[in-house]
Amino acid sequence: MAENTLQSISYRIKREASGIAAWFRRMWQEKRWFRFASVIGGVFTLLFIVLFIVLTRNLPDVETLRDYEPPLPTVVRGVDGEIVHTYARDRRVQLQYADFSETLIEAFLAAEDKTFFSHGGIDAGGLFGAVIDYVSKMGSGERAVGGSTITQQVAKNIFLSSEYSVVRKLREMVLARRIEGVLTKQEILELYLNEIPLGRRSFGVQAAARAYFDKDAADLELHEAAYLATLPKAPETYSREKNFGLALERRNFILDQMAANDFVTAAEASAAKAKPLGIITGQRQPPTVDAGYFMEEVRRQLLEDFGETAEDGPNSVYAGGLWIRTSLDPEMQAAARDALREGLLRYHGGRGWGGPIATIDFDDGDWAQQLASSPLGINYKGWRVGVVTERDGPSARIGFADGETFPLSNLPNALKPGDVIAAERSGSTYLVRTIPGASGGFVAQDPQSGRVLAMQGGFDSRLGSFNRATQAQRQPGSTIKPFVYATGLDNGMTPSTQIENGSYCYYQGSNLGEKCFRGGRAGEFPMRYGLEQSQNIMTVQIAMQAGMPKVIDTFEALDIGSYDPYPAFALGSGETTVLKMTNAYSALANHGRLNKPTLIDYVQDRRGKVIWRADNRPCEGCNMPEWDGQPMPRFGLTGEQAMDPRTAYQVLHMLEGVIERGTGTVLRDLELPMFGKTGTTTGPKDVWFVGGTSDVVAGVYLGYDNPRNLGGYAQGGTVAAPMIKAFFRDTKKKLRAEPFVAPAGVRMVRVDRRSGKQVFDGWPTDDPRAAIIWEAFKPDTEPPRSTRRDEIEAKRKEILALIRRGQEGARSESGEGDNGQALEDFVEEQGGIY
């Protein structure tokens with residue numbers, strides 16, 4: 001039955017087709033007008049097919065919109081979770097459809113596409129009007145109205161360019177129809193409101209709401225929402241202050257349209273029209289902390305790991321919408337920045353003007369545009385960067401990037417037109433200010449984790465991106481000595497070991513012969529004295545007795561640097577960075593465990609998934625579905641054991657003496673348990689201080705970028721240590737005033753500070769100069785109450801006393817004179833009694 005039905009249908013189709021074909025042949029043969037119409041229709045059909053193929057060739061697949069991710073900036077948070085910076089070339093914030101207020105949606109519908117929810121991607125009425133307008137303006141040079149629906153604008157913004165052509169418009173229409181078949185109206189509107197360019201480098205309504213009104217999109221009032229709806233038509237026109245009158249007219253028109261479409265009442269529209277635009281002047285910057293050097297270092301790491309743009313991957317810095325949690329502590333960053341700046345300015349003192357920051361050639365164009373396009377700037381006490389526009393003897397003028405000029409006073413003799421300088425306002429004039437010629441780097445770090453809490457790589461990152469905290473290779477001077485002493489402690493010495501400080505000689509080879517160095521105070525002193533008072537000869541003696549290859553091994557184990565085994569490197573003649581030295585000192589405060597210094601804690605993608613973290617320690621049992629009744633799981637220790645923990649504590653304990661009575665006493669009145677070491681290189685060309693508390697370790701150096709003499713009065717204790725003091729003074733409230741804790745295996749013994757001998761009949765006091773102190777020893781290395789030398793000296797005196805008594809008895813019997821002194825002299829001449 002079914003087979004008969006199919007045969008019947010097939011027969012009828014063939015019969016009808018043959019009938020149509022016969023009719024077409026008859027009409028073609030008999031009717032001339034039919035032949036003409038058929039040819040014209042065929043040509044048009046062929047042209048339509050060709051045009052359709054051309055238009056749709058290489059069109060993007062709208063199915064990708066289902067997974068479309070708009071380019072978003074990277075947001076950086078500090079240690080407290082607050083936003084401190086963004087890496088963005090445009091303002092972009094992505095919202096969900098539910099986040100858009102009804103008022104905002106209706107304002108854009110009234111302005112752009114009131115039939116949005118009823119058309120299929122193309123508005124026939126709007127298209128017809130656009131065609132008529134285009135034809136009427138052909139050849140006039142005027143731009144016709146677009147007539148685009150919101151769907152068409154989405155197609156243009158995401159897939160096409162802004163080229164003004166019929167072909168682009170037709171391709172846009174094709175894409176719009178396809179988009180309507182893939183996405184819902186709400187999804188299309190969400191894309192539109194997130195992607196539409198609205199001026200002031202803002203894309204999307206949330207970014208624009210912040211740029212124009214410093215509000216979130218959900219908080220906009222009716223008149224503000226209507227203003228944003230004016231911008232898609234001409235964002236660069238309606239966003240400029242000189243065109244605010246036109247913007248007001250356009251806004252009021254949109255309010256009337258909202259009332260006409262029953263989105264608002266006539267009374268609400270009238271009330272909104274009575275209000276001013278209310279646009280904030282200038283462009284508000286995103287929340288940020290003055291941590292340019294820190295943020296640039298973070299950016300370098302992110303670019304290396306994730307790439308720069310969307311072409312580099314889905315998690316790129318400038319398109320991936322990453323969320324970065326850093327270790328930056330804003331309060332400590334401010335303290336580090338101020339401490340370094342104050343130290344640089346204090347050192348510069350009365351040295352006079354240091355020269356221009358840069359120069360501008362007036363022949364290269366408008367000086368204001370040149371200045372505005374440069375990255376130069378400064379954020380210090382209201383100082384501004386400007387260019388000297390004219391100079392006539394004692395008078396001059398300075399101009400700024402906004403084109404304004406002002407009188408300039410306090411003029412250096414060498415100042416000339418074209419010089420870019422720092423200046424500070426004083427009434428109606430500006431005063432020339434000097435950026436110090438010397439610079440430096442500052443780092444503050446958590447010693448237990450290696451997280452960098454603050455970083456300042458110069459006076460101001462806007463004056464140059466060179467980060468002296470991480471990139472400047474400098475000689476550390478005496479700040480390297482603690483690691484020489486650590487090598488000695490690992491090779492049989494103790495803090496009480498007596499070291500010769502008078503002189504040191506060593507053979508340099510047949511060509512150079514023997515070279516001798518003289519120290520400070522001659523004699524033998526305990527190792528502690530050498531570190532507290534930064535004695536070079538004692539340091540070299542320790543290095544040579546322990547072996548320079550072993551000293552170099554210690555430097556490498558702590559990632560300070562890799563050097564040849566020459567004595568000069570024991571005194572800090574090698575090169576390293578502030579970050580590396582601070583990290584090595586952190587290991588001393590962390591019982592010898594060395595962490596890799598980190599600025600980024602973890603990275604999240606735009607959806608919040610952690611895609612990278614610095615701390616990858618496993619935690620067994622942390623994700624169990626139910627508590628098993630056992631103690632809470634604990635993470636293991638971070639870092640690697642780079643030094644014997646007992647040795648690390650012994651060195652740290654001696655470095656506490658540097659603060660109490662050594663070269664770092666300027667820090668003593670902070671009344672914090674602190675350790676540290678000063679450093680001054682040959683010249684001096686660099687001055688250093690590295691040290692801190694159990695919570696924070698900080699390091700700083702000061703020197704010229706092209707090393708030269710700082711002046712004989714410049715010392716680590718007088719120039720660098722005060723900077724560290726200023727930092728800890730400003731951050732003291734964040735620190736725990738707790739003493740350092742000794743690791744297992746350390747024995748605290750009372751010793752005489754001057755001799756290093758063990759003491760049993762006294763106790764240490766709080767007096768920094770007390771004769772008796774606590775000293776840290778490894779088991780079975782504690783010094784005896786008296787040394788072998790003391791015993792020999794006592795025996796010698798005992799024998800001499802017996803000789804004297806015997807001689808006195810002989811004299812009394814013979815009546816001879818006293819010759820006891822002669823015998824003693826004879827004994828001395830023979831080298832003493834052993």
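Three bridges join strand S19 (residues 600-604) to strand S20, and the two run antiparallel. Within this pair, Val603 stands opposite Trp612 of S20. The model is a predicted one.

S19 and S20 belong to an open sheet of five strands, ordered S2-S1-S5-S19-S20. Its pairing is mixed. Strand S2 (83-87) and strand S20 (610-613) form the edges, each pairing on one side only. From one strand to the next, the twist averages 20°. Helix H13 (residues 292-306) packs on this sheet. H13 touches strand S1 (74-77), S2, strand S5 (323-326), S19 and S20. The direction of H13 makes about 50° with that of S2.

A further open sheet holds five strands in the order S13-S12-S24-S23-S22. Here the pairing is antiparallel. The edge strands are strand S13 (452-456) and strand S22 (675-680), and each pairs on one side only. The twist averages 5° from one strand to the next. Strand S23 (residues 686-692) pairs with strand S24 (residues 697-703) in the antiparallel sense, over seven bridges. Gly692 stands opposite Val697 in S24. Helix H23 (residues 716-731) lies across strand S12 (439-445), S22, S23 and S24. H23 runs at about 40° to S23.

Strands S7, S8 and S9 are linked by two hairpins. Strand S7 (residues 384-392) and strand S8 (residues 395-399) run antiparallel and are joined by five bridges. Arg391 has Ala396 of S8 as its bridge partner. The hairpin of S7 and S8 has two residues between the strands, and Gly393 takes a positive phi near 60°. On to the next pair, S8 is joined to strand S9 (residues 405-409) by four bridges, again in antiparallel fashion. Arg397 has Pro407 of S9 as its bridge partner. Five residues lie between the strands in the hairpin of S8 and S9. In that hairpin, Gly403 takes a positive phi near 95°.

The buried residues are Leu222, His223, Glu224, Ala225, Ala226, Tyr227, Leu228, Ala229 and Thr230. The cover over these residues includes helix H3 (102-112), helix H8 (205-213), helix H10 (235-238), helix H11 (244-260) and helix H12 (266-273).

Two of these covering helices, H3 and H11, also pack on each other. Their axes are 9 Å apart and form an angle of about 100°. An angle of 65 to 115 degrees counts as roughly perpendicular, and H3 and H11 are therefore roughly perpendicular to each other. Thr103, Glu106, Ala107, Ala110, Ala111 and Glu112 are the contributors from H3. They meet Arg250, Ile254, Gln257 and Met258 in H11. By class, this contact of H3 with H11 has five nonpolar, two polar and three charged residues.

Model confidence was examined over the chain. The mean pLDDT is 86, and 85% of the residues reach 70 or more. Over residues 817-834 the pLDDT is below 50. Beyond near neighbours in sequence, this stretch has 15 contacts in the model. Where pLDDT is low, the predicted coordinates should not be read in detail.

Conventions. Residues are numbered from 1 along each chain as its sequence is written. This is a predicted model: local features need pLDDT of at least 70, side-chain atom pairs count only at pLDDT 80 or more; totals for chains, interfaces and linings use all residues. Side-chain values use heavy atoms; hydrogens and water are left out. Buried means under 20% relative accessible area, exposed over 50%, partly exposed in between (1.4 Å probe, protein chains only). Contact means heavy atoms within 4.5 Å. pLDDT is the predictor's confidence in each residue, from 0 to 100. Two strands pair if DSSP finds at least two bridges between them. Axes are lines fitted to C-alpha atoms, for helices over the stretch in contact, and angles run from 0 to 180 degrees between N-to-C directions. Angles under 35 degrees count as roughly parallel, over 145 as roughly antiparallel, 65 to 115 as roughly perpendicular and the rest as oblique. Ala, Val, Leu, Ile, Met, Phe, Trp, Tyr, Cys and Pro count as nonpolar, Asp, Glu, Lys and Arg as charged, and the others, Gly among them, as polar.
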